[in-house]
Amino acid sequence: MENVWYQTNDGLHLYPHTNCPEENTVTMGDIRSAFESIPVPESVIVVQPPGGETLVNFDTNFYTVAEPFTATVTVLEHTVDFRIRPQSFGWHFGDGVDKTTTKPGAAYPKLEVTHRYRTKGEVEARVDTVWEAEYRLDGGGWAMVDGTVTKAGAAQSLRIRSATPILVD
């Protein structure tokens, strides 16, 4: 038995894999493990209106930026290319309501991901991104990786305020 390291194309060592010297067949488990070890970016939640405050019964807009990217790793002396992209977004609004979308939302005025808070108070909102990937082994055809990777986003504090309209002359 010898110890073989998975590594990215820039030489970053990710984790070891025990391999018999005469056997270097890459399995789907090897591909999945390599994909799971590639660092995926954290999606940062953007809240509109900005400034960390919104109103009760007001459509608060949420979005993030999550771009597809590529990575190349060496697995058991084979080159594995990955095309990695966001599959879905798990929105956690902090008041017990969650929502899953396939789009990252959009800035105002599109309002693709909105939420109405029903009571005033403090919440922590965040977005988790589920990443999927295609791979190719040694420049061959592309195929889907069996499995996904979820990256939890950092929570953002949000104060929900109530407003009372006042008529003036």
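User: What does E53 count as, going by its relative accessibility?
Analyst: E53 counts as partly exposed, at 32% relative accessibility, where buried means under 20% relative accessible area, exposed over 50%, and partly exposed in between (1.4 Å probe, protein chains only). This is a predicted model, in which local features need pLDDT of at least 70 and side-chain atom pairs pLDDT 80 or more, while totals for chains, interfaces and linings use all residues. Residues are numbered from 1 along each chain as its sequence is written, and side-chain values use heavy atoms, without hydrogens and water.

User: And which residue does E53 form a salt bridge with?
Analyst: E53 forms one with R161, and their closest N and O atoms are 3.0 Å apart; a salt bridge here is a side-chain nitrogen of Lys or Arg within 4 Å of a carboxyl oxygen of Asp or Glu. The pair links distant parts of the chain, with E53 in strand 4 (residues 53-55) and R161 in strand 13, 108 residues apart.

User: What about R159, where is its partner?
Analyst: R159 forms a salt bridge with E122, at 2.7 Å between the closest N and O atoms. R159 lies in strand 13 and E122 in strand 10, so the pair ties together parts 37 residues apart in sequence. Salt bridges with shared partners join E53, E122, R159 and R161 into one network.

User: Switching topic, how many bridges join strand 10 to strand 13?
Analyst: There are 5, and the two strands run antiparallel, with E122 standing opposite R159. Strand 10 (residues 121-137) also pairs with strand 7 (residues 78-92) in the antiparallel sense, over 12 bridges, and there S88 stands opposite V130.

Terms used:
Two strands pair if DSSP finds at least two bridges between them. Helices (H or I, at least four residues) and strands (E, at least two) are DSSP runs, numbered from the N terminus.
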